[in-house]
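Here are my notes on the model. Please read them with the structure open.

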Amino acid sequence: RLFAGVPPKFIKKAATFCTVKEYPAGTAIINEGEKGDFMFIIMDGEADVLKGPKKIKLATLGKGVFLGEGALVSKAPRNATIIAKSAVKIAVFDQKGFDRLSVLHPCIPVTMMNVHNERCEDTVKKLNVAKSKEFMLMAGVGLILFLKNSHSILPPNLHGVADQIAALIPDQ
């Protein structure tokens, strides 16, 4: 997608700005929080995008997808971990190669910006859903504990209802 609208002669030139690396399945290509000194395009295979200490899976990406551009542009630490889901072959652009790529053809930086914005919006949505699920789980645990220990809190006329609901919940 990075080269959508880019004539083939420019794509061939872009190939001279990178090096090719291979990673076996399960290998970290990028680690969240580290300094970003390269971006890459997946040439073959798939990689998972993981976020946060709980490694929430945001996406599985494959051939033709570019990653890591955000850290090169912003100079901020990596905002996600990328793990090779299968054996992966990537085209790696260091800062110099990225800079040359960015000015090679006008479609390239526009595509980078659009994709980066889409990813940011998608990440926010997925993290909010994950936080909502976590909140609901914690609220559910709180409700179970409340129901199991409600006799001292609830008025006597509600003890029967609380007991009936609590009886439906396993002790484990």
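How many bridges join strand 2 to strand 7? The answer is in point 2, after a word on the model.

1. **Ground rules.** This is a predicted model: local features need pLDDT of at least 70, side-chain atom pairs count only at pLDDT 80 or more, and totals for chains, interfaces and linings use all residues. Residues are numbered from 1 along each chain as its sequence is written, and side-chain values use heavy atoms, with hydrogens and water left out.

2. **Strands 2 and 7.** They are joined by 2 bridges. Strand 7 covers residues 81-84, and the two strands run antiparallel. I30 faces I82 of strand 7. Strands here are DSSP runs of E, at least two residues, and helices are runs of H or I, at least four residues; both are numbered from the N terminus. Two strands pair if DSSP finds at least two bridges between them.

3. **The hairpin.** Strand 4 (residues 47-51) and strand 5 run antiparallel, joined by 5 bridges. L50 has K57 as its bridge partner in strand 5. The two strands form a hairpin with 4 residues between them. Look at G52 in the turn: its phi is positive, about 80 degrees.

4. Strand 3 (residues 38-44) is joined to strand 6 by 2 bridges. I41 has F66 as its bridge partner in strand 6.

5. **The phenylalanines.** The structure holds 1 aromatic pair. F38 and F40 form it, tilted, at 6.2 Å centre to centre with 40 degrees between the planes. Rings of Phe, Tyr and Trp (its six-membered ring) pair if their centres lie within 6.5 Å; planes under 30 degrees apart count as stacked, over 60 as edge-to-face and the rest as tilted.

6. F38 is buried, at 14% relative accessible area, and F40 is buried at 0%. Buried means under 20%, exposed over 50%, partly exposed in between (1.4 Å probe, protein chains only). The charged end of R78 sits over the F38 ring, 4.9 Å from its centre. That call needs NZ of Lys or CZ of Arg within 6 Å of the ring centre and within 35 degrees of the ring normal.
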